[in-house]
Amino acid sequence: HLYSYRWHTRSQSVGQFKKQAKISKVVRRAFLQHFMERHWPQARGMQEPLRPNPHGACVIRTQGRRLEFLEEAVRSVLQQTVKMTPCLVVHADRGIFDTVSRWSERFGGRVEILHAEIATRRRGYPLNVGLDYLETAADRFDFFCVLDDDVIFYPMFAERLVAALDISGADIAYCTTNSRIPGQQTKIAHPPLPTAALVCGNFIPINAYIVRTALLVRSGARLREDIHYLEDWDFLLSLMHAGARFTLLNETLSEFRIIGDGNLEQKQDPEHFAHCQRVVTIRGALAAQTYGMDRFYRDMMDFVFSVRPPLTGCDLGQLQRAQDVFGAVNP
């Protein structure tokens, strides 16, 4: 199958030619995977299995202004088939915090309420309040995830990702997600790429992954509070830099809303947004250095590109830039 130059395309059907090309691709991939494993073996360290009945926490960031959306988010967590505790982090003054606390009583004490009381601090701050709480309660929670108050999980989110985490021995399991403009149909958002491509662009939304709590404790990772944009991408890169193992479950298990005010916010301070991009670019290079060239190639070979839509020019550019970054920091 490697001798494709000897195929006689004029004397065979289109179907036969496509079949040969498909088999040839599989053979090449299997050869490269075998070659890598023989000459550049992968470290086999894996995390311990989760407990038989794992308990997760979901940190939900809110300013207490959209309680109708927040209720959907909280209920989507409570309705999971795996036990999960919503941890609301109210990033607002005392008055709004008290209002949200009273409002949360409808959930019968199944919700933790935390207060990020300095309302002027940036978006990473309330999530860090939640992560600080999780670290102190690490013996209670086997894994955690993160939501904004305009996002929901689908019913099998936790069960499917916990299974992926446990079977793979990874630290982080992520899925695909839908987006929705209110009043319109959902659309598939951010098709996945090999994990190594994270160093050049984020394709894992904040509502699309779960993390072992042990990784949080081991790494001490937190969101940056000196940037107002891209803090969620920077957090993923900090986990990558800490040596986290990622696994993809190619199932759509969550949904986020596209709301006008959020989109406009990105245009309010373009100079700061450019600064955030430079900051995260540096973090990406550090993550690539820790991740290593061997894992870059392994990610590329192990990723099943047929499970996602065809690669666009932007996707190909991101993969090429990622290879350039890995090559530059891993001479």
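At what angle do the axes of helix α7 (residues 231-241) and helix α9 (residues 270-291) cross? In this predicted model, the two axes cross at roughly 25 degrees and come within 8 Å. Angles under 35 degrees count as roughly parallel, and α7 and α9 are therefore roughly parallel to each other. Their crossing is left-handed.

The residues that form this contact can be named on each side. Helix α7 contributes Trp233, Asp234, Leu237, Ser238, Met240 and His241, while helix α9 contributes Val280, Arg283, Gly284, Leu286, Ala287, Thr290 and Tyr291. Sorted by class, the contact of α7 with α9 has 7 nonpolar, 4 polar and 2 charged residues.

On the α10 side the contact is made by Met293, Phe296, Tyr297 and Met300, and on the α11 side by Leu319, Ala322, Gln323, Phe326 and Gly327. By class, this contact has 7 nonpolar, 2 polar and no charged residues.

| Helix pair | Angle between axes | Distance between axes |
|---|---|---|
| α7 and α9 | roughly 25 degrees | within 8 Å |

The report now turns to strand β4. Is strand β4 (residues 143-148) largely enclosed or largely open? In β4, 6 of the 6 residues are buried, so the strand is largely enclosed by the rest of the structure. Both of its faces are covered. On one side lie Phe143, Cys145 and Leu147, and on the other Phe144, Val146 and Asp148, all of them buried.

Strand β4 also pairs with other strands. Strand β1 (residues 56-62) is joined to β4 by 6 bridges, and these two strands run parallel. Within this pairing, alanine 57 stands opposite phenylalanine 144 of β4. Strand β8 (residues 209-212) is joined to β4 by 2 bridges, and these two strands run antiparallel. In β8, valine 211 is the residue opposite phenylalanine 144.

Terms used. Residues are numbered from 1 along each chain as its sequence is written. This is a predicted model: local features need pLDDT of at least 70, side-chain atom pairs count only at pLDDT 80 or more; totals for chains, interfaces and linings use all residues. Side-chain values use heavy atoms; hydrogens and water are left out. Axes are lines fitted to C-alpha atoms, for helices over the stretch in contact, and angles run from 0 to 180 degrees between N-to-C directions. Helices (H or I, at least four residues) and strands (E, at least two) are DSSP runs, numbered from the N terminus. Angles under 35 degrees count as roughly parallel, over 145 as roughly antiparallel, 65 to 115 as roughly perpendicular and the rest as oblique. A crossing is left-handed if the near helix is turned anticlockwise from the far one by less than a right angle, and right-handed if clockwise. Contact means heavy atoms within 4.5 Å. Ala, Val, Leu, Ile, Met, Phe, Trp, Tyr, Cys and Pro count as nonpolar, Asp, Glu, Lys and Arg as charged, and the others, Gly among them, as polar. Buried means under 20% relative accessible area, exposed over 50%, partly exposed in between (1.4 Å probe, protein chains only). Two strands pair if DSSP finds at least two bridges between them.
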